[in-house]
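The tour goes from one selection to the next.

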Amino acid sequence: MSSDGHEQNGNERVPSRQRRRFPGISSRAYEHPADRSALVALRKLSGFDTVFKALSGLLPERSLRLLFLSDSVRVSDQQFSHLNDMLRDACYILDLEKVPPMYVTQDPQPNAMCIGLDEPIIVVSTGLVELLDEEEMRAVVGHEVGHALSGHAVYRTILLFLTNLALRIAWIPMGNLAIMAIVTALREWFRKSELSADRAGLLVGQDLQASMRGLMKIAGGNHLHEMNVDAFLQQAEEYEAGGDLRDSVLKILNVLPRSHPFTAVRAAELKKWAESRDHQRIMDGHYPRRSEDKDTSVSDSFRESAQSYASDVKTSKDPLMKLVTDLAGGAGHLGGRVRRGFDGFTSQPPPKAPPQDEE
(Lines give C-alpha, C1' and ligand atoms only; values in the text may rest on other atoms or scores of the structure.)
Protein backbone atom coordinates (compact mmCIF):
# COMPACT_ATOMS: atom_id res chain seq x y z
CA MET A 1 0.00 0.00 0.00
CA SER A 2 1.19 3.53 -0.69
CA SER A 3 0.83 6.67 1.38
CA ASP A 4 -2.63 7.34 -0.01
CA GLY A 5 -3.71 3.75 0.45
CA HIS A 6 -3.29 2.57 -3.16
CA GLU A 7 -1.28 -0.37 -4.40
CA GLN A 8 2.06 0.35 -6.11
CA ASN A 9 4.07 -2.47 -7.70
CA GLY A 10 2.49 -4.84 -5.17
CA ASN A 11 5.32 -4.41 -2.68
CA GLU A 12 4.46 -1.26 -0.73
CA ARG A 13 3.74 -1.67 2.96
CA VAL A 14 1.08 0.12 4.94
CA PRO A 15 2.63 3.20 6.58
CA SER A 16 1.79 4.29 10.11
CA ARG A 17 -0.63 6.90 8.79
CA GLN A 18 -1.90 8.20 5.47
CA ARG A 19 -0.26 11.16 3.82
CA ARG A 20 -1.07 13.11 0.69
CA ARG A 21 0.71 12.33 -2.55
CA PHE A 22 1.75 14.87 -5.22
CA PRO A 23 1.64 13.26 -8.68
CA GLY A 24 3.91 14.89 -11.23
CA ILE A 25 5.07 17.57 -8.79
CA SER A 26 7.89 19.79 -10.02
CA SER A 27 10.72 20.59 -7.64
CA ARG A 28 9.87 24.23 -8.40
CA ALA A 29 6.92 23.81 -6.04
CA TYR A 30 9.11 23.67 -2.95
CA GLU A 31 12.41 25.21 -4.03
CA HIS A 32 13.60 28.37 -2.31
CA PRO A 33 13.48 31.24 -4.86
CA ALA A 34 17.26 31.74 -4.81
CA ASP A 35 17.83 28.01 -5.28
CA ARG A 36 15.22 27.77 -8.02
CA SER A 37 16.53 30.68 -10.10
CA ALA A 38 20.04 29.23 -10.08
CA LEU A 39 18.81 25.78 -11.13
CA VAL A 40 16.53 27.10 -13.88
CA ALA A 41 19.40 29.14 -15.31
CA LEU A 42 21.76 26.14 -15.25
CA ARG A 43 19.20 23.85 -16.83
CA LYS A 44 18.62 26.37 -19.65
CA LEU A 45 22.34 26.94 -20.24
CA SER A 46 23.38 25.67 -23.64
CA GLY A 47 25.91 22.86 -23.41
CA PHE A 48 25.48 22.49 -19.64
CA ASP A 49 24.92 18.71 -19.81
CA THR A 50 27.90 18.24 -22.11
CA VAL A 51 30.22 20.13 -19.77
CA PHE A 52 29.23 18.09 -16.75
CA LYS A 53 29.48 14.81 -18.62
CA ALA A 54 33.03 15.77 -19.53
CA LEU A 55 33.72 16.64 -15.89
CA SER A 56 32.39 13.27 -14.77
CA GLY A 57 35.60 11.68 -16.03
CA LEU A 58 37.55 13.77 -13.52
CA LEU A 59 35.24 13.22 -10.57
CA PRO A 60 35.61 10.18 -8.33
CA GLU A 61 31.93 9.19 -8.66
CA ARG A 62 32.56 5.56 -9.58
CA SER A 63 35.03 5.35 -6.73
CA LEU A 64 32.45 6.76 -4.31
CA ARG A 65 29.84 4.23 -5.41
CA LEU A 66 32.28 1.35 -4.98
CA LEU A 67 33.36 2.71 -1.61
CA PHE A 68 29.81 2.84 -0.24
CA LEU A 69 29.00 -0.55 -1.76
CA SER A 70 32.03 -2.16 -0.13
CA ASP A 71 32.26 -0.31 3.17
CA SER A 72 28.66 0.69 4.05
CA VAL A 73 25.32 -1.10 4.36
CA ARG A 74 22.92 -0.80 1.43
CA VAL A 75 19.33 -0.23 2.51
CA SER A 76 16.94 -2.93 1.25
CA ASP A 77 14.15 -5.23 2.37
CA GLN A 78 16.83 -7.29 4.12
CA GLN A 79 18.88 -4.45 5.63
CA PHE A 80 17.46 -1.43 7.46
CA SER A 81 14.05 -2.38 6.07
CA HIS A 82 12.31 0.48 7.94
CA LEU A 83 14.53 2.98 6.09
CA ASN A 84 13.78 1.20 2.82
CA ASP A 85 10.05 1.60 3.46
CA MET A 86 10.54 5.31 4.17
CA LEU A 87 12.64 5.74 1.02
CA ARG A 88 10.09 4.09 -1.28
CA ASP A 89 7.28 5.96 0.41
CA ALA A 90 9.06 9.32 -0.01
CA CYS A 91 9.67 8.61 -3.70
CA TYR A 92 6.01 7.69 -4.12
CA ILE A 93 4.78 10.87 -2.42
CA LEU A 94 7.04 13.12 -4.53
CA ASP A 95 6.46 10.92 -7.60
CA LEU A 96 10.15 10.17 -8.17
CA GLU A 97 10.03 7.26 -10.62
CA LYS A 98 13.41 5.68 -9.90
CA VAL A 99 14.19 5.01 -6.25
CA PRO A 100 17.82 6.04 -5.59
CA PRO A 101 20.04 3.59 -3.69
CA MET A 102 20.55 4.44 -0.04
CA TYR A 103 23.48 3.49 2.20
CA VAL A 104 24.03 3.62 5.94
CA THR A 105 27.64 4.42 6.83
CA GLN A 106 29.33 4.14 10.21
CA ASP A 107 29.82 7.68 11.50
CA PRO A 108 28.86 8.96 14.96
CA GLN A 109 28.19 12.43 13.53
CA PRO A 110 24.52 12.84 12.46
CA ASN A 111 24.71 13.50 8.75
CA ALA A 112 23.03 12.73 5.42
CA MET A 113 23.82 13.62 1.82
CA CYS A 114 22.67 13.06 -1.73
CA ILE A 115 25.49 12.88 -4.29
CA GLY A 116 26.14 11.59 -7.80
CA LEU A 117 26.37 12.88 -11.37
CA ASP A 118 24.66 10.23 -13.47
CA GLU A 119 22.34 8.92 -10.77
CA PRO A 120 21.87 10.20 -7.21
CA ILE A 121 22.74 8.05 -4.19
CA ILE A 122 21.67 8.83 -0.63
CA VAL A 123 23.96 8.26 2.33
CA VAL A 124 22.93 8.53 5.99
CA SER A 125 25.19 8.10 9.01
CA THR A 126 24.60 5.73 11.89
CA GLY A 127 24.72 8.76 14.17
CA LEU A 128 21.63 10.16 12.43
CA VAL A 129 19.77 6.83 12.36
CA GLU A 130 20.34 6.36 16.10
CA LEU A 131 19.43 9.96 16.95
CA LEU A 132 16.02 10.33 15.24
CA ASP A 133 12.69 8.61 15.75
CA GLU A 134 10.62 7.26 12.85
CA GLU A 135 8.76 10.45 11.93
CA GLU A 136 11.87 12.62 12.31
CA MET A 137 13.81 10.22 10.11
CA ARG A 138 10.99 10.23 7.55
CA ALA A 139 11.46 13.99 7.17
CA VAL A 140 15.21 13.49 6.65
CA VAL A 141 14.64 10.82 3.99
CA GLY A 142 12.16 13.18 2.29
CA HIS A 143 14.78 15.93 2.52
CA GLU A 144 17.30 13.79 0.61
CA VAL A 145 14.71 12.65 -1.96
CA GLY A 146 13.92 16.34 -2.47
CA HIS A 147 17.61 16.90 -3.26
CA ALA A 148 17.42 14.05 -5.80
CA LEU A 149 14.27 15.42 -7.45
CA SER A 150 15.77 18.92 -7.71
CA GLY A 151 18.99 17.63 -9.28
CA HIS A 152 21.05 18.92 -6.36
CA ALA A 153 23.18 15.77 -6.25
CA VAL A 154 25.18 16.94 -9.27
CA TYR A 155 26.16 20.26 -7.69
CA ARG A 156 26.79 18.68 -4.30
CA THR A 157 29.23 16.26 -5.95
CA ILE A 158 30.97 19.15 -7.71
CA LEU A 159 31.17 21.04 -4.39
CA LEU A 160 32.75 18.05 -2.62
CA PHE A 161 35.25 17.57 -5.44
CA LEU A 162 36.25 21.24 -5.56
CA THR A 163 36.53 21.47 -1.77
CA ASN A 164 38.91 18.51 -1.74
CA LEU A 165 40.80 19.97 -4.69
CA ALA A 166 41.22 23.30 -2.87
CA LEU A 167 42.78 21.47 0.08
CA ARG A 168 45.23 19.68 -2.21
CA ILE A 169 46.40 22.80 -4.03
CA ALA A 170 46.36 25.15 -1.03
CA TRP A 171 50.09 25.70 -1.55
CA ILE A 172 49.38 27.37 -4.94
CA PRO A 173 48.21 30.88 -3.96
CA MET A 174 46.35 31.97 -7.12
CA GLY A 175 45.07 28.49 -7.93
CA ASN A 176 43.61 28.09 -4.47
CA LEU A 177 41.98 31.53 -4.61
CA ALA A 178 40.29 30.70 -7.90
CA ILE A 179 38.95 27.39 -6.64
CA MET A 180 37.79 28.88 -3.33
CA ALA A 181 35.87 31.61 -5.15
CA ILE A 182 33.86 28.91 -6.93
CA VAL A 183 33.48 26.90 -3.72
CA THR A 184 32.19 29.97 -1.85
CA ALA A 185 29.59 30.61 -4.56
CA LEU A 186 28.52 26.96 -4.54
CA ARG A 187 28.22 26.98 -0.75
CA GLU A 188 25.95 30.03 -0.89
CA TRP A 189 23.73 28.21 -3.40
CA PHE A 190 23.85 24.98 -1.37
CA ARG A 191 22.74 26.73 1.81
CA LYS A 192 19.62 27.86 -0.07
CA SER A 193 19.18 24.36 -1.50
CA GLU A 194 19.08 23.00 2.05
CA LEU A 195 16.08 25.24 2.76
CA SER A 196 14.44 23.78 -0.36
CA ALA A 197 15.13 20.21 0.77
CA ASP A 198 13.76 20.96 4.25
CA ARG A 199 10.50 21.89 2.54
CA ALA A 200 10.54 18.64 0.56
CA GLY A 201 11.04 16.78 3.84
CA LEU A 202 7.93 18.45 5.25
CA LEU A 203 5.92 17.53 2.15
CA VAL A 204 6.94 13.90 2.63
CA GLY A 205 6.58 13.66 6.41
CA GLN A 206 3.64 16.09 6.63
CA ASP A 207 4.43 16.56 10.32
CA LEU A 208 5.91 19.97 11.14
CA GLN A 209 6.57 19.06 14.77
CA ALA A 210 8.63 16.02 13.69
CA SER A 211 10.67 18.23 11.34
CA MET A 212 11.24 20.72 14.17
CA ARG A 213 12.24 17.97 16.59
CA GLY A 214 14.71 16.52 14.09
CA LEU A 215 16.43 19.85 13.57
CA MET A 216 16.49 20.45 17.32
CA LYS A 217 18.11 17.05 17.92
CA ILE A 218 20.75 17.74 15.27
CA ALA A 219 21.58 20.92 17.19
CA GLY A 220 21.35 19.62 20.76
CA GLY A 221 21.42 15.83 20.70
CA ASN A 222 18.92 13.28 21.96
CA HIS A 223 17.68 15.30 24.92
CA LEU A 224 14.13 16.25 23.93
CA HIS A 225 13.04 16.36 27.57
CA GLU A 226 15.53 19.22 28.00
CA MET A 227 14.48 21.15 24.88
CA ASN A 228 11.51 23.18 23.73
CA VAL A 229 10.54 23.98 20.13
CA ASP A 230 9.26 27.50 20.91
CA ALA A 231 12.41 28.35 22.83
CA PHE A 232 14.53 26.92 19.99
CA LEU A 233 12.71 29.13 17.46
CA GLN A 234 13.21 32.10 19.80
CA GLN A 235 16.96 31.52 19.44
CA ALA A 236 16.66 32.09 15.69
CA GLU A 237 14.83 35.36 16.28
CA GLU A 238 17.44 36.51 18.77
CA TYR A 239 20.21 35.51 16.37
CA GLU A 240 18.71 37.61 13.59
CA ALA A 241 17.84 40.70 15.61
CA GLY A 242 20.49 40.77 18.31
CA GLY A 243 23.74 42.69 18.49
CA ASP A 244 25.06 45.56 16.41
CA LEU A 245 26.70 45.97 13.01
CA ARG A 246 29.80 44.13 14.21
CA ASP A 247 27.64 41.09 14.95
CA SER A 248 26.09 41.34 11.48
CA VAL A 249 29.55 41.15 9.92
CA LEU A 250 30.48 38.22 12.18
CA LYS A 251 27.33 36.36 11.13
CA ILE A 252 28.41 36.62 7.49
CA LEU A 253 31.94 35.46 8.28
CA ASN A 254 30.67 32.56 10.40
CA VAL A 255 28.35 31.23 7.70
CA LEU A 256 30.74 31.52 4.72
CA PRO A 257 32.63 28.25 5.33
CA ARG A 258 29.43 26.29 5.98
CA SER A 259 27.50 24.22 3.45
CA HIS A 260 24.36 24.28 5.64
CA PRO A 261 22.50 27.18 7.25
CA PHE A 262 22.50 27.29 11.04
CA THR A 263 20.03 24.78 12.45
CA ALA A 264 17.86 27.23 14.40
CA VAL A 265 17.61 29.41 11.29
CA ARG A 266 16.53 26.37 9.23
CA ALA A 267 13.80 25.60 11.76
CA ALA A 268 12.49 29.17 11.68
CA GLU A 269 12.54 29.26 7.86
CA LEU A 270 10.67 25.95 7.63
CA LYS A 271 8.01 27.02 10.12
CA LYS A 272 7.48 30.25 8.18
CA TRP A 273 7.04 28.32 4.92
CA ALA A 274 4.73 25.76 6.57
CA GLU A 275 2.42 28.63 7.54
CA SER A 276 2.55 30.25 4.09
CA ARG A 277 -0.08 30.27 1.36
CA ASP A 278 2.40 28.54 -0.99
CA HIS A 279 2.56 25.49 1.27
CA GLN A 280 -1.21 25.37 1.69
CA ARG A 281 -1.74 25.50 -2.08
CA ILE A 282 0.58 22.49 -2.54
CA MET A 283 -1.31 20.56 0.14
CA ASP A 284 -4.55 21.43 -1.66
CA GLY A 285 -3.15 19.94 -4.88
CA HIS A 286 -2.29 23.19 -6.66
CA TYR A 287 1.37 23.08 -7.64
CA PRO A 288 3.60 23.32 -10.77
CA ARG A 289 4.00 20.06 -12.68
CA ARG A 290 7.20 18.53 -14.01
CA SER A 291 5.67 18.50 -17.48
CA GLU A 292 5.72 22.32 -17.40
CA ASP A 293 9.42 22.65 -16.45
CA LYS A 294 10.56 23.06 -20.06
CA ASP A 295 8.40 26.18 -20.37
CA THR A 296 9.82 27.82 -17.25
CA SER A 297 11.01 31.36 -17.81
CA VAL A 298 14.52 32.17 -16.59
CA SER A 299 13.64 35.84 -16.21
CA ASP A 300 10.55 35.02 -14.14
CA SER A 301 12.63 32.82 -11.85
CA PHE A 302 15.23 35.54 -11.36
CA ARG A 303 12.45 38.07 -10.74
CA GLU A 304 10.96 35.83 -8.03
CA SER A 305 14.41 35.39 -6.52
CA ALA A 306 15.02 39.15 -6.48
CA GLN A 307 11.61 39.76 -4.91
CA SER A 308 12.35 37.15 -2.24
CA TYR A 309 15.70 38.74 -1.36
CA ALA A 310 14.11 42.20 -1.31
CA SER A 311 11.36 40.97 1.00
CA ASP A 312 13.91 39.27 3.29
CA VAL A 313 15.94 42.48 3.54
CA LYS A 314 12.86 44.62 4.13
CA THR A 315 11.47 42.42 6.92
CA SER A 316 14.81 41.48 8.49
CA LYS A 317 15.56 42.60 12.03
CA ASP A 318 19.31 42.32 11.49
CA PRO A 319 21.09 45.67 12.11
CA LEU A 320 22.98 45.52 8.79
CA MET A 321 19.82 44.71 6.85
CA LYS A 322 18.06 47.62 8.56
CA LEU A 323 20.86 49.87 7.41
CA VAL A 324 20.56 48.54 3.84
CA THR A 325 16.81 49.24 3.94
CA ASP A 326 17.49 52.80 5.08
CA LEU A 327 20.02 53.27 2.30
CA ALA A 328 17.50 52.07 -0.26
CA GLY A 329 14.93 54.41 1.21
CA GLY A 330 17.28 57.38 1.12
CA ALA A 331 17.21 57.94 4.88
CA GLY A 332 19.32 60.80 6.16
CA HIS A 333 22.03 60.86 8.83
CA LEU A 334 23.28 57.42 7.79
CA GLY A 335 26.88 58.29 8.59
CA GLY A 336 25.96 58.75 12.21
CA ARG A 337 23.97 55.51 12.24
CA VAL A 338 26.91 53.56 10.86
CA ARG A 339 29.23 55.02 13.53
CA ARG A 340 26.74 54.21 16.27
CA GLY A 341 26.19 50.76 14.77
CA PHE A 342 29.74 49.69 15.47
CA ASP A 343 29.48 51.03 19.03
CA GLY A 344 26.07 49.40 19.53
CA PHE A 345 23.45 49.85 16.84
CA THR A 346 20.39 51.70 18.12
CA SER A 347 17.12 52.62 16.54
CA GLN A 348 17.01 56.06 18.15
CA PRO A 349 16.02 58.85 15.78
CA PRO A 350 18.83 61.12 14.55
CA PRO A 351 19.21 64.50 16.27
CA LYS A 352 17.20 67.31 14.78
CA ALA A 353 19.05 69.88 12.72
CA PRO A 354 19.29 73.35 14.34
CA PRO A 355 16.69 75.85 13.10
CA GLN A 356 17.87 78.07 10.26
CA ASP A 357 17.07 81.75 9.79
CA GLU A 358 14.46 82.33 7.14
CA GLU A 359 15.49 84.52 4.29
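Start with Asp207, which caps the N-terminal end of helix 9. Show its side chain and the backbone of Gln209: a side-chain oxygen of Asp207 lies 3.2 Å from the backbone nitrogen of Gln209. Keep in mind that this is a predicted model.

Next, select helix 9 itself, residues 208-220. How far apart are its end C-alpha atoms? They are 18 Å apart, and this agrees with expectation because 13 residues at 1.5 Å a residue should span 18 Å. Now colour the buried residues of helix 9: Ala210, Ser211, Met212, Gly214, Leu215, Met216 and Lys217.

Move to what follows helix 9, and select Gly221. Its phi is positive, near 85°.

Gln206 is not a glycine, yet its phi is positive, near 55°.

A further stop of this kind is Asp95. Where is it found? Asp95 sits in the loop that runs between helix 4 (81-93) and strand 2 (102-105). Its phi is about 60°, again positive in a residue that is not a glycine.

Finish at helix 12, residues 263-274. From first C-alpha to last, its twelve residues reach 16 Å, close to the 16 Å expected at 1.5 Å a residue. Which residues of helix 12 are buried? Select Thr263, Ala264, Arg266, Ala267, Leu270, Trp273 and Ala274 to see them.

Conventions. Residues numbered from 1 in each chain as written. Predicted model: local features only at pLDDT ≥ 70, side-chain atom pairs only at ≥ 80, totals over all residues. Heavy atoms only, no water. Helix = DSSP H or I, 4+ residues; strand = E, 2+ residues; numbered from the N terminus. Expected span 1.5 Å × (residues − 1). Buried < 20%, exposed > 50% of the residue type's maximum accessible area, 1.4 Å probe, protein only. Polar contact = N/O pair within 3.5 Å; in protein donor to acceptor, adjacent residues only side chain to side chain.
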